[in-house]
Amino acid sequence: QVSEVLSEEKCRLSVSGWFHGPSIVRPERHIEAPLPRSPHIPYDHEILYEWINLVYLDMDSQAQIQEEFEERSEILLKDFLKKEKYQLLCEALENKEIQWSSRGPANKRLYETAEEDSLPDILKKFLQFLRSEALFLLLSNFTGLKLHFLAPSDEDEDAGQGRAADTTGHGSPKPEQEETEQHVDSNSHQPDQPDNIPEAQDSETQNGAGTPVCAGELRRWTHGHYTLVHDTQATEFALDLLFFCGCEDWEPEYGGFTSYIAKGEDEELLTVNPEDNCLALVYRDKETMKFVKYINHRSLARLKKHLNRIGFWDFSFVYYE
């Protein structure tokens with residue numbers, strides 16, 4: 001890994017050239033297993049009232065959020081969790097008994113991810129919340145995506161029947177036959193993906209008959225951490241969810257922000273900066289890639305204000321229709 005140049009008086013030197021000799025047999029490319037995807041966990045709407053700021057459970061607010069999201073394909077929801085719940089999460093993340101493991105390889109990424117079995121109960125419950133059926137439905141209302149069978153489909157909207165599904169528990173399930181027909185119809189719209197790279201297989205194959213699924217992890221970011229765009233990076237239609245903790249006084253110049261770029265181009269489409277108690281939602285297509293900017297030495301200056309706080313955490317989840 002190339003180190004930062006911290007001196008203003010020195011410059012970086014490099015030596016380049018070619019080694020001539022007999023060809024070396026290349027080893028087979030290692031194919032990484034993607035994060036496991038799973039359907040929602042059965043939880044009713046009560047879990048939403050337990051965690052979320054009530055502003056975001058208002059139907060008018062959800063309709064406004066969906067309108068903005070459909071126009072921009074991204075949105076940042078501030079003060080998303082109730083303050084007391086957010087404070088409990090931050091306190092639990094400081095727990096010394098949490099086991100963190102480094103994720104590589106270095107040519108693709110470097111950050112730490114938590115072992116779920118070692119997490120305090122409050123963090124386990126929050127991960128269950130992110131995988132809950134109620135949140136799948138709420139995200140459908142926020143984005144207009146069909147992440148739950150109660151969410152209106154494009155056909156419903158074209159017929160003038162589209163409206164946000166009621167996450168307050170008053171919605172009624174659709175008949176089994178209608179639900180089956182929708183699953184079959186949704187399969188015909190799944191994007192084609194390369195079948196030689198498991199990371200980029202189409203979501204229909206991994207999801208199992210087009211059932212909405214999610215995959216995610218709890219990550220810790222400190223000085224020297226990053227992710228890179230690489231040739232085998234999976235690109236498919238998906239909804240990215242990022243929820244940040246411990247970002248007080250975090251400056252963009254420190255790095256650690258998530259950049260979205262168009263495949264094969266240097267143009268930056270969107271930047272998501274870490275911000276306390278904020279939920280970021282971004283919808284990306286097959287031509288969009290993302291990376292987390294290298295966290296540089298400037299981030300260490302934050303220790304002057306926050307002792308023992310050299311980085312931040314995020315809950316990174318991806319939802320597939």
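A residue is called buried when its relative accessible area is under 20%, exposed when that area is over 50%, and partly exposed in between. By this scale Asp 79 is partly exposed, because its relative accessible area is 44%. The model is a predicted one, and the values below are computed from it.

**Backbone geometry**

Most residues other than glycine have a negative phi, and most peptide bonds are trans. Asp 79 has a positive phi of about 50° although it is not a glycine. Its place in the chain is the loop that links S1 to helix H3 (83-93). Ser 73 likewise shows a positive phi, near 65°, in a residue other than glycine. This serine sits in the loop between helix H2 (59-72) and strand S1 (74-78). With a relative accessible area of 30%, Ser 73 is partly exposed. The two residues are set side by side in the table.

| Residue | Phi | Relative accessible area |
|---|---|---|
| Ser 73 | near 65° | 30% |
| Asp 79 | about 50° | 44% |

Where does the chain contain a cis peptide bond? Such a bond joins Gly 104 and Pro 105, with omega at about 0°. Pro 105 belongs to the loop between strand S2 (100-103) and strand S3 (109-114).

The buried residues of H5 are Ala 134, Leu 135, Phe 136, Leu 137, Leu 138, Leu 139, Ser 140, Asn 141, Phe 142 and Thr 143. Just after H5, Gly 144 adopts a positive phi of about 85°.

How do H2 and H5 lie relative to each other? Their axes come within 6 Å and cross at roughly 60°. H2 and H5 are therefore oblique to each other. On the H2 side the contact involves Gln 62, Ile 65, Gln 66, Phe 69 and Glu 70, which meet Leu 138, Ser 140, Asn 141, Phe 142 and Thr 143 of H5. By class, this contact of H2 with H5 holds four nonpolar, five polar and one charged residues.

**Packing of H3 on H4**

H3 packs with helix H4 (residues 121-130) at an angle of about 120°, and the two axes are 9 Å apart. That angle makes H3 oblique to H4. The crossing of H3 and H4 is left-handed. Lys 85, Leu 88, Leu 89, Ala 92 and Leu 93 of H3 meet Ile 122, Leu 123 and Phe 126 of H4. The residues in the contact of H3 with H4 comprise seven nonpolar, no polar and one charged.

**Cysteines**

How many disulfides does the structure hold? The number is zero. A disulfide is a covalent bond between the sulfur atoms of two cysteines. The cut-off applied here is a sulfur pair within 2.5 Å. Cys 245 is in no disulfide, and the nearest cysteine sulfur, that of Cys 90, is 4.6 Å away. Cys 245 is buried, with a relative accessible area of 0%. Cys 278 is also in no disulfide, and its nearest cysteine sulfur, that of Cys 247, is 8.4 Å away. Cys 278 counts as buried, at 0% relative accessibility.

Terms used. Residues are numbered from 1 along each chain as its sequence is written. This is a predicted model: local features need pLDDT of at least 70, side-chain atom pairs count only at pLDDT 80 or more; totals for chains, interfaces and linings use all residues. Side-chain values use heavy atoms; hydrogens and water are left out. Buried means under 20% relative accessible area, exposed over 50%, partly exposed in between (1.4 Å probe, protein chains only). Helices (H or I, at least four residues) and strands (E, at least two) are DSSP runs, numbered from the N terminus. Axes are lines fitted to C-alpha atoms, for helices over the stretch in contact, and angles run from 0 to 180 degrees between N-to-C directions. Angles under 35 degrees count as roughly parallel, over 145 as roughly antiparallel, 65 to 115 as roughly perpendicular and the rest as oblique. Contact means heavy atoms within 4.5 Å. Ala, Val, Leu, Ile, Met, Phe, Trp, Tyr, Cys and Pro count as nonpolar, Asp, Glu, Lys and Arg as charged, and the others, Gly among them, as polar. A crossing is left-handed if the near helix is turned anticlockwise from the far one by less than a right angle, and right-handed if clockwise.
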